Amino acid sequence: MNSTTRPQARFSREWLIFGLSMTILGLWHGSFAYYDYSQIEARERQHLSTQARVIDDLVALQLEAIGNTLSRVRQDLGPDWHSDRGSIPATGRRLENLVEAMTSLRTIAILDDSGLVVTSNQRDIVGKSFPQRDFFQTVKKNPHPDTLYVSSPFTTSLGAWTMNLSRAIIDDQGQFAGVVAASLNPATFRVVLNTVLYAPDAWSALVHEDGGLFVIESGGVLDRGSTPVVAADIIARAAGTGAEGEVFRTTTDPAGLQRLVGIRTIHPARLRMDNCLTIVVSRDLHAVFPEWRHNVLVYGGLYLLLVVVGGSGVLVIRKRRQYMEMAEARLFEAREILENFFAITPDLLCIADLGGDFRQLNPSWEKVLGYPLAEMEGTPFIGYLHPEDVEPTLAAMSDLAAGKDVIGFVNRFRHRDGSYRHIEWRSAARGDLIFASARDVSERKEAELRLKYLAYHDRLTGLANRSLLFGRLSHSLSAAGRNHTRVATLFIDLDGFKEINDRYGHEGGDIVLKTVAGRFQSAVRASDTVARIGGDEFIVVLADITETAQVGPVADKLLATLEAPISLAEGRTCRVGASIGISMYPGNGREMDELLEAADNAMYQSKKSGRNRYQFSQSAPSAASADDDRIVLGEAYLLGIGELDEQHRKMTELVNLLIDAVRTDAGDDRTSRLLNELIDCTTSHFNTERELMERFDYPERATHNASHDYLLVEIADFGEQLAQQGKLFMVKLVRDWLLQHIDREDRPLGRFLRERMADNHSERITSDGC
């Protein structure tokens, strides 16, 4: 009896142990597969939400630019615009330049109150009447000067698919006088939609509020010639979601596939659009999980293999006790497979208890943090956290204890060398244990911080840029007014930099600017601001000054930093000096403009007095400057190319008018209008130069065109800052911008064009003689 029951009990116990082991292993595999599935879907949802937000930002920028363009066109119309036929051709040419410069537009047209096209960049429609078009009737029925009217997509009279943006023209009596309308170019918006198509099964669409499909782009699965139906329930759901967007599952795909759909409504409050647009970004849900299904099959196969191997081992034990060693070897092999799986995954795998102690870690932890696993396992992970992240981590632990999954949580763990690594978690609690996978996202976080840094710092030197300078100077002036202290503004212009730039090229000039920036930064306090405002001009702001006598030694120190030679490439060296002008708050002014202009004028006086020295401003607050900032375009700036010289004279005239408007405080409307005219004139000038460079095969045209792109961004930046602060100072930068453009970029182009034109003339004479 006993001899029979003992093997049976042993056999039952072995099967029980084996069954429990396989059950735990299966639960382990199923748990991780489930959470992996959840994480992949969550990541894909976040991806779709991000892509929809990117499209939202890009399309909103396009809509805002078009809305502003329509406002400028409407603003430039005279009171008798519809009857003043002399101005209509000029307006049409300007519309042609605007459409050529803005790839998102196909047509801009101005219609009178009867629907007649008075002028347009498309001459084929001038004189035609469209009184029954929805885009005209909608504006006419409810005209409002601040509303941007968005029409449903339609086919134009020229057979093109488009969508109109319109603004109402209101006469002096407040009555409807016409419409300025722009038709959108679907190709530009297809490019925007195509930027987010990161998978063949993905598609994105831009849809009108009434359900009309404007453009749709696919990653390859959809036929571009087809027009998939964007279901009405998606549009309705978008209307309820608003600008924050939503991602959800749906089976309304035409092919019957289950898809993840991200929606977002474009309706910026500042544009006052009468109809909103909806962004739809979608992926085939089945195509999101191929790697997950592969892993499930592989690990499921391993699991079944373990079940078969283990079960066979137990059966062998029952049949033949002498094969015990072989069965144990197979079980050992199965354990080794599990350990290898735990060891080779690049993710950080972790088992911890709800008390906060590490139970088991995979080797990736040692690679990321540098600590031996034996040192970390069994210890509280709170001890490795950054002090600022302890409280948020404890809150996440509370969520896990409450049965909530924690996804996308990021905290900082201390590396063995004392630095910190950003760790992103995906965690879930089962019983008293926490199962988690994580990854090191330090590089991504550093990239985000770098982008934030570049928004306020000069890309070449790392110093504060104009935006950060104006903010800090404004803050320093406010603090000085409260605390009855002083602020010193030092305007610095390098002496001899142009000669170095001409001799050693831009690479040598960049080395000099970076070296000087580092020396200036080391010569002032950490609380002071050193900024580069363009070219070889710097500004230093000394805050919390109690006596003017404190400033002179700082200026001497800055000049002393330039005494040592600067090392260039190939063992060459050079030297630069500096002329410094100093203004004091409140002695030389209480406003930013006064202080910046006073320091600028003092710098020029210092340069006239012999250079490499500093001079304090003698101007009193609110005293008008006697300096004439107007540009006189002398012979030195003429290129000998009639068309380009005439455009330079026009640009000079506009800059001088802009300077006068700011100095006489003519108002933001006139200043903005003059700046817009300067931007239009500059765009036309750059188009002329591009045509000449292509016609005569200018070898540096790629660099020259890149300079054009930068200058357009720069002058747009001037516009934003003119509308905020530092107006008088900024118009001087506009003046210098124009002169430097002609001197550095256009003069070499002019020499090249004159030589090529002369060669062509000689060739024609020779040919005629033969």
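The model is predicted, so local features need pLDDT of at least 70 and side-chain atom pairs count only at pLDDT 80 or more, while totals for chains, interfaces and linings use all residues. Residues are numbered from 1 along each chain as its sequence is written, and side-chain values use heavy atoms, without hydrogens and water.

**Cavities**
- Four cavities of 30 Å³ or more are found in a search of the whole structure (a cavity is a set of points on a 1 Å grid over the protein atoms alone where a 1.4 Å probe fits but cannot get out).
- The largest cavity holds about 180 Å³ of space.
- Its lining comprises 16 residues, with F381, M397, L400, W425 and S427 nearest the centre (lining residues have an atom within 4 Å of a point).
- At least two lining residues come from each of strand 13 (348–353), helix 10 (390–401), strand 15 (406–414), strand 16 (420–430) and strand 17 (433–440).
- By class, 13 of the lining residues are nonpolar, three are polar and none is charged.

**D495**
- D495 belongs to strand 18 (residues 486–495).
- D495 counts as buried because its relative accessibility is 7% (buried means under 20%, with a 1.4 Å probe and protein chains only).
- The D495 side chain makes a polar contact with the side chain of K607 at 2.5 Å (a pair of N or O atoms within 3.5 Å, one able to donate a hydrogen and the other to accept it).
- Beyond its neighbours within four places in sequence, D495 is in contact (heavy atoms within 4.5 Å) with V576, G577, A578, S579, K607, R611 and N612.

Conventions:
1 Å grid on protein atoms, 1.4 Å probe; cavity = no way out; pocket = protein on both sides within 12 Å on 5 of 7 lines; lining within 4 Å. Points joined across faces, edges and corners; volume = space filled by probe spheres on them. Helix = DSSP H or I, 4+ residues; strand = E, 2+ residues; numbered from the N terminus. Nonpolar A, V, L, I, M, F, W, Y, C, P; charged D, E, K, R; others polar. Buried < 20%, exposed > 50% of the residue type's maximum accessible area, 1.4 Å probe, protein only.
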